[in-house]
Amino acid sequence: MAHLLGAEALHLEFPTKVVFDRVSLGIDEGDRIGVVGRNGDGKSSLLAMLAGRLEPDGGRVTVRGGVRVGVLDQADTLDDSLTIREAVVGDRPDHEWAGDARTRDVIAGLLGDLAWDGPVAGLSGGQRRRVSLAALLVGDHDVLFLDEPTNHLDVEAIAWLAEHVKRRWPANQGGLLVVTHDRWFLDEVCNTTWEVHDRIVEPFEGGYAAYILQRVERDRQAAVIEQRRQNLARKELAWLRRGAPARTSKPKFRIDAANVLIADVPEIRNATELRSLAVSRLGKDVVDLLDAAVSYDGREVLHPVEWRIAPGERTGILGVNGAGKSTLLGLVSGDVEPTAGRVKRGKTVKVATLTQRLDELEEHLDDPVRVVISRLRTTYTFGSGSKAQELTPGQLLESMGFQSAQLSTPVKDLSGGQKRRLQLLLILLEQPNVLILDEPTNDLDTDMLAAIEDLLDSWPGTLLVVSHDRYFIERVTDQQYAILGGHVRHLPGGVDEYLRLREREKTAGPATSKAADAAAAASVSTTSSLSGPQLRAAQKEVASLERRLEKLETQIGAARTALADHDQSDYVGLGAEMARIGELEKERDGVEERWFELTEQIG
């Protein structure tokens, strides 16, 4: 395997901290490397040194002759005087770039909703990020360095980027190094993981799931590793092994070893206990959307939706930017009034929302962190039942990654990730029973995300989450809904089903797409052209089809897991298992087609 780039004895230090000390590593052909570690430990600095953007204080970086390096960093370097076309393809003539399949794929995957000849000036931060990424991907590079490439991308664009990267840099070509907190992307794309910690870079074979297994093994053997970090890693491994079918279907780590390590780890959440606690805190009525619709300037943004949110329900909301996710959350929280239908709330409901802004911290900027927390209460109870524990403000903050010295730090001097964690704690300490999280993973590293997930596992209330972080959505919620064409639809097949529906929506003609949008409504419209008996029969069949879809998705997931566990030398058996999966997927597609047909008739 050809060597592309290497680093020898790298040393880097800042006035108050040594970041790296004698670090040696390299990138070979076919390497797709994910870089993980706590915020502030040097991930971006490592990328910058290897890419030639930052000069190390010691050691050297060497690049093989002729190797072309491309970099996407977090800084916005777009020229506002350019159009999107000029920023992406420069002055290349149309016939040249339009004739390149890769360039067409990048433009369609990242910029399909932007005006190709429109100006860069005036684009939002997320749109500018996509233009920068597109400009990099249409170039010819042997090694690509990506610093947080999934920031500002939605679930659909992240899935596209993962597929593009895997096609672009197969197992024997080129090199990729990516710094990201998006654990789904790491697991989907990377064949090697580098963990940055304690002035070193520690390599692990495989993607995020394999890294978690190896880190648990390392932690078990090294008693000096803190107990809490070990427990969080083991808990996350348990979820990876037992949870989402898309993840457990991939033989990315040794199954037997994983099963031994998680044998004594209980289920991630005690759903029955949490639901019982939620009922005791909320009663049986939470929030009911009863044919609720929202219009702005005569345009219906959210079509009539019938959704009864239950105590203890944990729901993820998916949809493209501008689909109406914030409007739906506003209906639930009471910040948005329906223009048709009504919203009914239980008498004991107390809703709290973690927004993308940091409004909760504005009045506390000059106060030390410890003071901000202790003003609310002197002790706090977290967890439930036998797991309930009393925590002081200091213990609570330390559980969320604040070191003792940071407890006296004024809020204004905290990093973005620290402010985000403090914001979530302030909201939880108000003891809401309905919690809405709007993009909660911004500015957080993978360890902190695991800590927050652990905290939410024992939180007894109703949870609604909007996030482009697929891993987080699948980890903390038990069901997902999508907003498609202004309609809300349940997704028995989770994020994979959402991506299939979006692909179908994009490839359908205008008339078909409109019909598909209408069919995506979660509730049944009363304007159906069917007669009473026909309508009731159709509604009954739709409900039956949704149950069948959910069952088929479960069977497909189980079959994929069985395939991963199957003896890889048994080609006959493997062929039979793959044929069975194909039949189940074919049946699922047929059921889904019938669902679309019926919901279109219902109207």
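Two rings of Phe, Tyr or Trp (its six-membered ring) pair if their centres lie within 6.5 Å; planes under 30 degrees apart count as stacked, over 60 as edge-to-face and the rest as tilted. This structure holds five aromatic pairs. It's a predicted model, where local features need pLDDT of at least 70 and side-chain atom pairs count only at pLDDT 80 or more, while totals for chains, interfaces and linings use all residues. Residues are numbered from 1 along each chain as its sequence is written, and side-chain values use heavy atoms, with hydrogens and water left out.

Let's look at one pair. The ring centres of Y208 and Y211 sit 5.8 Å apart and the planes meet at 55°, so this pair is tilted. Both residues belong to helix α8 (residues 208–221), three residues apart, about one turn of the helix. Helices here are DSSP runs (H or I, at least four residues), numbered from the N terminus. How much of each is accessible? Here are the values, where buried means under 20% relative accessible area (1.4 Å probe, protein chains only).

| Residue | Relative accessible area | Class |
|---|---|---|
| Y208 | 3% | buried |
| Y211 | 1% | buried |

Now for two other helices. Helix α16 (residues 416–429) and helix α17 (residues 446–457) pack at about 5°, with axes 12 Å apart; axes are lines fitted to C-alpha atoms over the stretch in contact, and angles run from 0 to 180 degrees between N-to-C directions. α16 and α17 are therefore roughly parallel (angles under 35 degrees). R421, L424, L425 and L428 of α16 touch M448, I452 and L455 of α17, contact meaning heavy atoms within 4.5 Å.

Technical notes:
Angles under 35 degrees count as roughly parallel, over 145 as roughly antiparallel, 65 to 115 as roughly perpendicular and the rest as oblique. Buried means under 20% relative accessible area, exposed over 50%, partly exposed in between (1.4 Å probe, protein chains only).
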